[in-house]
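Q: I would like to go through the side-chain interactions in this model. Could we begin with the aromatic rings?

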Amino acid sequence: MAVSDWGQGRKYYVEVYGCQMNVNDTEILMAVLNKAGYQRTMDLDDADVVFLMTCAIREKAEGRIWSRLSQLKSLKTKSRPDRAPMVGVLGCMAERLKEQLLESDKLVDVVCGPDGYRSLPRLLSLRAMSADGVANVMLSADETYADITPVRLDPNKISVHLSIMRGCNNMCSFCIVPFTRGTERSRDIDSIVSEVRTLSQQGIREVTLLGQNVNSYRDTSQSGAYETQGYGADLSRGFNTIYRRKEGGRRFAELLHRVAQVDPEMRVRFTSPHPKDFPDELLYVIRDNANVCRNIHLPLQSGSTSCLERMRRGYTGEAFRELVGHIRQIIPDVTFSTDVIAGFCGETEAEHQDTVAVMREVGFDMAFMFAYSMRERTHAHRKFQDDVAPDVKSRRLQEIIETFHATARARNRRFIGTQGLVLYEGLSKRHGRPFGSDDYGHKVFLDGPALVDLQPGDYVRVRIGDTVTSASLTATALEKTTLVEHYQRFPQEAFGGGALA
């Protein structure tokens with residue numbers, strides 16, 4: 001058997017854990033495997049290969065994978081001993097724990113890191129001809145998979161995530177990402193705009209530009225269509241980096257502008273940014289393009305300047321507050337989401353209260369909040385002690401969560417009685433209720449006679465009702481519309497599109 005032949009007609013099953021980047025990586029993986037002759041199956045019992053796309057950001061995430069591998073062992077040794085499937089561990093955990101994965105009771109046959117997906121067909125064929133597990137966890141300085149068209153996990157979705165860059169240079173002391181995904185490298189602007197154009201032709205109504213530090217995008221390629229404009233290269237005021245920044249190239253503001261021009265009826269979002277990379281030029285692009293959503297993810301991590309210094313975040317609590325105020329001056333109706341860590345190394349009660357205070361002052365509309373989890377190889381692992389007691393971490397996390405919900409619920413009440421635009425997505429999985437999303441990052445549950453004619457991907461003008469939570473709104477669907485038509489009638493000047501009932 002030739003090394004390249006094993007995959008013909010074989011079936012693979014994939015489970016995805018962790019962040020949206022892992023979803024995007026899975027879609028790249030599927031494109032590679034399909035081209036090599038593999039077929040995806042939704043039935044675990046029918047699979048010749050089982051893949052786990054893993055996350056290493058927190059210890060709990062890795063614990064879930066070890067538990068799942070133990071369950072899969074019974075599939076190999078008891079349920080299907082005559083045709084035991086191969087098991088592959090992919091993604092960040094693969095890069096971090098290669099030796100342990102391959103040596104642990106022969107649970108894993110193939111280990112492949114984030115930059116090695118092109119090699120998977122060969123790895124699987126090599127494993128089929130060998131008694132030993134195989135691995136490729138080499139990090140690349142230039143791999144972006146720009147030439148691979150992802151195969152969508154759910155081809156019926158009206159929104160997709162599009163990877164524009166990989167890796168991270170920030171080296172925050174708590175973060176494992178630079179060690180599992182390597183340094184930053186950006187896709188060329190031509191390939192990104194071309195993919196967005198294809199998505200528009202396929203009927204996609206929302207695209208989220210994706211990267212570990214998405215707004216540090218920097219493309220130095222030679223483009224036949226887009227001259228380098230040279231704007232948007234400055235850092236946010238009062239922010240700095242611990243690494244030397246490179247000059248030149250097309251920056252994120254240029255890319256976002258080009259993407260927004262592809263289809264005025266396609267919403268554009270981006271995640272996950274770093275607060276340091278919000279020059280005014282980027283804010284103007286968001287303000288001046290109606291299809292660029294008015295929700296900005298602005299990871300806080302901590303509100304304490306001394307704690308931020310230990311985290312190596314490159315800004316103070318005051319600089320973060322000033323950035324929020326500056327963004328609101330330029331984009332008055334903007335909303336913010338954030339990330340917050342409770343109980344980082346050495347965190348005092350006063351530092352924790354600084355975080356709570358910033359959360360109250362800013363008023364985030366969405367937040368991802370976690371207790372700190374020490375990761376090997378990080379700066380914090382080398383330099384600090386994980387010295388905040390678990391019960392203290394839990395209490396502080398609960399206070400952060402309660403603060404968020406109280407402020408978000410109060411802020412969401414300002415939408416009551418306003419009219420806005422919602423992208424209809426269908427029926428919710430949990431309750432079967434009609435729902436969609438607004439420009440500001442909220443899930444909006446819908447009722448009203450106008451729902452009769454709606455299909456997923458339609459825009460609908462709504463009036464926000466008086467039932468709001470910290471995470472969602474309710475609304476009456478008034479009429480089907482378009483994005484362009486709606487914002488011509490109701491310019492984005494105030495909450496909910498500026499149209500008071």
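This is a predicted model: local features need pLDDT of at least 70, side-chain atom pairs count only at pLDDT 80 or more; totals for chains, interfaces and linings use all residues.

Q: Where in the chain do tyrosine 117 and tyrosine 145 lie?
A: Tyrosine 117 is in the loop between strand E5 (110–112) and helix H5 (120–128), and tyrosine 145 is in the loop between strand E6 (134–136) and strand E7 (159–163). The two are 28 residues apart, and the pair links distant parts of the chain.

Q: Are tyrosine 117 and tyrosine 145 buried or exposed?
A: Both tyrosine 117 and tyrosine 145 are buried.

Q: Why does the pair of phenylalanine 270 and phenylalanine 278 count as tilted?
A: The planes of phenylalanine 270 and phenylalanine 278 are at 40°, with the ring centres 6.4 Å apart, so the pair is tilted. Phenylalanine 270 and phenylalanine 278 are buried.

Q: Which residues do ring pairs link into a cluster?
A: Phe174, Phe344, Tyr372 and Phe384 are linked in that way.

Q: On to charges. How many salt bridges are there in the whole structure?
A: A search finds 34 salt bridges. In one of these, arginine 237 is joined to aspartate 280, with the closest N and O atoms 3.0 Å apart. Arginine 237 lies in the loop between strand E11 (218–219) and strand E12 (250–251), while aspartate 280 is in helix H9, 43 residues apart.

Q: What about burial at the two ends?
A: Arginine 237 counts as exposed, at 59% relative accessibility, whereas aspartate 280 is buried, with a relative accessible area of 18%.

Q: Which other residues of helix H9 are buried, and what do they pack against?
A: In helix H9 (residues 280–288), Leu282, Leu283, Val285 and Ile286 are buried along with Asp280. The buried residues of H9 pack against helix H8 (252–262), strand E13 (267–271), strand E14 (295–297) and helix H11 (317–330).

Q: Back to salt bridges: what does glutamate 347 pair with?
A: Glutamate 347 forms a salt bridge with arginine 396, and their closest N and O atoms are 3.0 Å apart. Glutamate 347 is in the loop between strand E15 (335–342) and helix H12 (349–362) and arginine 396 is in helix H14 (residues 390–412), so the pair ties together parts 49 residues apart in sequence. Glutamate 347 counts as buried at 6% relative accessibility, and arginine 396 is buried at 5%.

Methods: Residues are numbered from 1 along each chain as its sequence is written. Side-chain values use heavy atoms; hydrogens and water are left out. Helices (H or I, at least four residues) and strands (E, at least two) are DSSP runs, numbered from the N terminus. Buried means under 20% relative accessible area, exposed over 50%, partly exposed in between (1.4 Å probe, protein chains only). Rings of Phe, Tyr and Trp (its six-membered ring) pair if their centres lie within 6.5 Å; planes under 30 degrees apart count as stacked, over 60 as edge-to-face and the rest as tilted. Contact means heavy atoms within 4.5 Å. A salt bridge is a side-chain nitrogen of Lys or Arg within 4 Å of a carboxyl oxygen of Asp or Glu.
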